[in-house]
Amino acid sequence: MHAARAVADTRASSGSGVDRMKYQKIGVVGAGVMGIGVAENLATTGHQVIVVDVAEEALKAARIQIDRSLRCAVLWNSGAPREDHSAILDRIAFTTEYEALSAVDFLVENSTERWSIKKEIYPRLDRICPPACVFAANTSAIAISRLADTTTRPDKVVGMHFMNPVPKKKFVEVIRTRLNSEATLLAVKEFLGQMKKEAILVNDMPGFVSNRVLMLMINEAIGVVQDEVASAHDVDRVFVQCAGHKMGPLATADLIGLDTILLTLDVLHESYGNSKYVPCDLLRQMVGAGRLGRKSGRGFFEYSK
């Protein structure tokens, strides 16, 4: 599938430096849950977006999901008049061609949480994208410096860990490496500001802050269900009703995707060599059975499509 609509090149600068600018044309690699959310958010804030995925079916599904989400946003918006959802959707082009990213101002990568896949993507992006383009890795656990080492622009590769659902979350965990220049970090903050978001800056270690802690909590909650201490429903009730959390750990796992939880725990276990990150058998069984959470309609809870 080729780009649905041509997007004009509106770069404000060129060369190897990173300039503060109005980022207009944004590349989004990966049309999964996170890629969809990032693309929708960017289009809503007036950016032209090019979504690239190797699977045409994923792109078709992404377009349908974004259209549905924008329609719902219009229905629920009780504030100022909102731009027509079709005009927002028209800012997003969907394509299987990586070459469509040859003139993007900024790029957000959201591919599957597997090193074997990501290590092939970054050198390809490095060859295609402009030298000044910053690469933001929306990864759950893989060390950003490891990704940066596969490119000729390690100073311009950062971690940008968005939370789900992306359009509704104001803050983003930004991961800096020892190689990042101050100009790159300024560019990242500028870019997020244009998305109406703020950065929380942390240093580069596998899992960073959020998932190094959250994955342990989710895995242990799954272990509680596995050991028949309590049902999934009651585990989450303890955290929501007793601890005041907005969402329980198992509903959170369903929202993230149990396959992503499993992959993230495997990365953390490999990275740290600590048995505390070994995934519960129940988690592996559920992923093997296709019970992935909201994306499949059933995880620890059931969801209507």
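Figure 1. With a relative accessibility of 40%, Phe-171 counts as partly exposed, a class lying between buried (under 20% relative accessible area) and exposed (over 50%), computed with a 1.4 Å probe on protein chains only. The model is a predicted one, in which local features need pLDDT of at least 70 and side-chain atom pairs count only at pLDDT 80 or more, while totals for chains, interfaces and linings use all residues. Residues are numbered from 1 along each chain as its sequence is written, and side-chain values use heavy atoms, with hydrogens and water left out. Phe-171 belongs to strand β7 (residues 171-176); helices (H or I, at least four residues) and strands (E, at least two) are DSSP runs numbered from the N terminus. Apart from neighbours within four places in sequence, Phe-171 is in contact with Met-163, Glu-198 and Ile-200, where contact means heavy atoms within 4.5 Å.

**Figure 2. Lys-196, in the loop between α6 (182-194) and β8 (198-203)****.** The phi angle of Lys-196 is near 65 degrees, a positive value in a residue other than glycine. Most residues other than glycine have a negative phi. Lys-196 is exposed, its relative accessible area being 66%. The C-alpha atoms of Lys-196 and Phe-171 are separated by 9.0 Å, the two residues being 25 apart along the chain.

**Figure 3. The cis peptide bond between Asn-164 and Pro-165****.** Omega of this bond is about 0 degrees. Most peptide bonds are trans. Pro-165 is placed in the loop between β6 (157-161) and β7.

**Figure 4. Ile-142 and Phe-208.** Ile-142 lies in the loop between β5 (134-137) and α5 (144-148), and Phe-208 in the loop between β8 and α7 (210-226). Ile-142 counts as buried at 3% relative accessibility, and Phe-208 counts as buried at 5%. Phi of Phe-208 is near 60 degrees, a positive value in a residue other than glycine. Although 66 residues apart along the chain, Ile-142 and Phe-208 have C-alpha atoms separated by 8.9 Å.

Figure 5. A pocket is an open set of points on a 1 Å grid over the protein atoms alone, where a 1.4 Å probe fits, with protein on both sides within 12 Å along at least five of seven lines; lining residues have an atom within 4 Å of a point. Of the 13 lining residues, Trp-115, Ile-142, Arg-146, Val-267 and Glu-270 lie nearest the centre of the pocket. Helix α10 (residues 258-272) supplies the largest share of the lining, five residues. By class, the lining has seven nonpolar, one polar and five charged residues; Ala, Val, Leu, Ile, Met, Phe, Trp, Tyr, Cys and Pro count as nonpolar, Asp, Glu, Lys and Arg as charged, and the others, Gly among them, as polar.

**Figure 6. Helices α8 (residues 232-242) and α9 (residues 249-256)****.** The axes of α8 and α9 come within 7 Å and cross at roughly 110 degrees. Helix α8 is therefore roughly perpendicular to α9, a term for angles of 65 to 115 degrees. Ala-232, Val-235, Asp-236 and Phe-239 of α8 make the contact with Pro-249, Leu-250 and Ala-251 of α9. The residues of this contact comprise six nonpolar, no polar and one charged.

Technical notes. Axes are lines fitted to C-alpha atoms, for helices over the stretch in contact, and angles run from 0 to 180 degrees between N-to-C directions. Angles under 35 degrees count as roughly parallel, over 145 as roughly antiparallel, 65 to 115 as roughly perpendicular and the rest as oblique.
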